[in-house]
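This report goes through selected features of one chain, with the cut-offs stated as each term comes up. Please keep the sequence and the coordinates at hand while reading.

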Amino acid sequence: MPTEFSENEEMVVPEELPLLPIRDVVVYPYMILPLFVGRDASIRAVNDALSKDRLIFLAAQKEITDENPSSDTIYSIGTVAMIMRMRKLPDGRIKVLVQGLMKGTIQDYIQEKPFFIAKVKQIREKQAGRHQVEVEALMRTVKEQLEKVISLGRMLSPDILMVVDDISDAGRLADLVASNLGLKVNEAQEILEVMDPVDRLKKVNEILTKELEILAMQARIRSQARDEMTKSQREYFLREQIRAIKNELGDTESKSEEIQELRSKIENARMPDEIRDEAIKQVSRLERMHQDASEATIVRTYLDWLIDVPWSKATDDRLDLDEARKILNEDHFGLTKVKERILEFLAVRKLKSRMKGPILCLSGPPGVGKTSLGKSIARAMGRKFVRISLGGIRDEADVRGHRRTYVGAMPGRIIQGLKQAGSNNPIFMLDEIDKLGADFRGDPAAALLEVLDPEQNFSFRDHYINLPFDLSNVMFVATANLMDTVPAALKDRMEVIQLAGYSQEEKIKICRRFLIPKQIDENGLKPENISITQKGLRRIVTQYTQEAGLRNLERNIAGVCRKVARKIADPKVKFTKAIVNGQSVPRFLGPPRYLPEDERQHDEIGVSTGLAWTQFGGEILYIEVSMMRKLGGGLILTGSLGDVMKESAHAALSYVRSHAGSFGIDEKLFSRYEFHIHIPSGAIPKDGPSAGITLATAIVSLLTGNPVRKDIAMTGEVSLRGRVLPIGGLKEKTLAALRHGITELIIPFRNHKDLDDIPSNLRKKIKFHLVAELDEVFRHALIHDPLEWAKQVKNHGGGSDDQRIPVRGKNVERVA
């Protein structure tokens, strides 16, 4: 068995040696390492060396992946080595233990097949010829650098530091350190090819310096990561300790019990197959998670929502039409059209068990009972009632929900409402749908298009739940004060039912049946403590409220009850019962707030009464016209008029001017006088296409001196040809006229179909004049027949302009 070669021994190396190409390592002199040989040519080279003097030349390949290297792909400088041991492996390879002896360079290739034989020239290194102190300092530096590399975590042989301490040769030290740094083949070959020992040691020192910088950076990165992980690791350790404590206490079944409970709830929830599969999938995910992980909380919350949503829970409809009609009449007075629509739905539902829920929209002024009507519908049908307010909503997520990836995500209001109801067929009220907003977060009105479309809402998909829900069984009831602000596409999906205000007689009946008993109870009174006479109630209705709805009326009734409650509660006052009659109302509510208009106590010239329709119901408008001398004429409009009403005024004046001769009006007046049209309450904006005939009537009255009747009001738009165009809101305007004591109305002929919407008891109180032309309006509205009046003016003409220009109240008699 050969022994290890010592550096003090001299050895003769033959010129020709078998060559073993090495792929992934560079062998330095005095380096001992095992090699695995598998290629046929390499095995032949090893066997040839073993058959002679065991010497072999080791040279690195330039390309590691080259299986059949040639002379051009092998480095020319390598190491002469001795094969110390050889062992054959079961897979056909051999394992050899070699020791580097000295460097050598290939002079020529004697043979390439079947294995390499090279002519090798031995390279004997020069001794360090530099100053011994410099060499010693460099060697110490390299040794210190090597110690630092090991201290920073570089995995090296544990005995290397002891071996290094015994080395005094610079070249030997360089080779030893380089062989243990795990360098790449090209870097290791560069060091091998440096012949000067000091230069080779300097190059090794540079490599150590670079390696130290890299290891220091890794240490800083590990330190930062360790600091960041400290908190989470501490929490993890604490949780593990808690879990261990629970195990000791026998509380190991808590998570399994929770999972089992969730599975049981899913089975009992009667979910559709698609939803049930997703729920089971999420339970399986939760089972694999740590129970204190943040993701587990999200999954647990999601499962709770899936379980609580009423996928298959529904209430049975009350299909007794008589009972439903009785309940509707108990809760609300009037509102015939809405009640009939609900009864129609119940009748169809009785004949057909499976049908889509209607989508209604109750539109009307505040206080007419839209929201309370939704509750009454639910009670009449035996369904649950859910209400959400849409006023001011600007985020689409309020309707469709947030995606689960967001922090604090939750379902939209539709799914929340269904969970609150606990059934999939409630009466779902969308309150104030006309007050939806929109901003950069999306348009909630657009999101409602899917909810309110019977062709789409059978598979409504909330962003949070992300599973289809059937909304076709839900009966949606929306409310709005004004439909103008509702997008056309959304309006098209709803069946709009207009709710007009209440007449005085209806308000009195509602007070008797609903409001007075309610306020007596809420203010702690008994029926025997207060009595409101018919005259007293009528005075409250007419002089303390002037609205389409009932809110202010209820507040006034509550005010009367509070005054009575205060007297009963005062022990110093002996009080048993209060009687509220027409004369005593001011003692409870103060002076009347609304009185009849003084200026319309008489028939006047240049003043006509119009009707307007607002989101708060119907209102009356007094239109005043006067004229002043001004060369060239002109028209002044005041009273906060909108563009549409201004155009109506110009159209009315143009019509009167073009037909001046038929009314006996001097055409020169239009160029000599400026007309001023004013509508009182100037701070309130006014607009709309229904004041044309009112404006024309006031202008004709002023120019002819023919007074306008005080007991008549009118509404309708006018064209330049004198045609009267239809208007909207006839019922609301009729109620406004009744509130102000007006008994005759002039309306467009094409609105005769709308008279059916006005209750018969109200139609009996008002006389309607249906007109198609302006001439008919003047005949009904003016005191005197316009044509006869024009003849009288003509017969009394011949005077100055001042004699023909009527002044309110005085010129009537003089011209007549």
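## Terms and basis

A residue is called buried at under 20% relative accessible area, exposed at over 50%, and partly exposed in between, with a 1.4 Å probe and protein chains only. The model is a predicted one, in which local features need pLDDT of at least 70 and side-chain atom pairs count only at pLDDT 80 or more, while totals for chains, interfaces and linings use all residues. Residues are numbered from 1 along each chain as its sequence is written, and side-chain values use heavy atoms, with hydrogens and water left out.

Helices (H or I, at least four residues) and strands (E, at least two) are DSSP runs, numbered from the N terminus. Contact stands for heavy atoms within 4.5 Å.

By the criterion used here, the rings of Phe, Tyr and Trp (its six-membered ring) pair if their centres lie within 6.5 Å, with planes under 30 degrees apart counted as stacked, over 60 as edge-to-face and the rest as tilted. Searching the whole structure gives 6 aromatic pairs. One of them joins F663 and F778 in an edge-to-face arrangement, at 5.3 Å centre to centre and with 80 degrees between the planes. The pair links distant parts of the chain, as F663 is in the loop between α21 (643-658) and α22 (669-672) whereas F778 is in helix α26, 115 residues apart. Both F663 and F778 are buried.

## Two helix pairs

For helix packing, axes are lines fitted to C-alpha atoms over the stretch in contact, and angles run from 0 to 180 degrees between N-to-C directions. Angles under 35 degrees count as roughly parallel, over 145 as roughly antiparallel, 65 to 115 as roughly perpendicular and the rest as oblique. Helix α23 (residues 692-704) packs against helix α26 (residues 774-781) at about 60 degrees, with the axes 10 Å apart, and the two are therefore oblique to each other. On the α23 side the contact is made by I693, A696, T697 and V700, and on the α26 side by L774, V777, F778 and A781. This contact has 7 nonpolar residues, 1 polar and no charged ones, where Ala, Val, Leu, Ile, Met, Phe, Trp, Tyr, Cys and Pro count as nonpolar, Asp, Glu, Lys and Arg as charged, and the others, Gly among them, as polar.

Helix α10 (residues 321-331) and helix α11 (residues 336-351) pack at an angle of about 155 degrees, and their axes are 10 Å apart; α10 is therefore roughly antiparallel to α11. Here L321, A324, R325, L328 and N329 of α10 meet K339, I342, L343, L346 and A347 of α11. By class, the residues of this contact divide into 7 nonpolar, 1 polar and 2 charged.

## A residue in strand β17

I620 is found in strand β17 (residues 617-629) and is buried, because its relative accessible area is 11%. Not counting residues up to four places away in sequence, I620 touches T609, G610, L611, A736, A737 and H740.

## Backbone exceptions

Most residues other than glycine have a negative phi, and most peptide bonds are trans. K113 and P114 are joined by a cis peptide bond, with omega about -5 degrees, and P114 is placed in the loop between β5 (94-111) and β6 (117-123).

R54, in the loop between α1 (40-51) and β3 (55-60), has a positive phi near 65 degrees and counts as partly exposed at 28% relative accessibility. N466, in the loop between β10 (460-461) and β11 (468-469), has a positive phi near 60 degrees and is partly exposed, with a relative accessible area of 40%.
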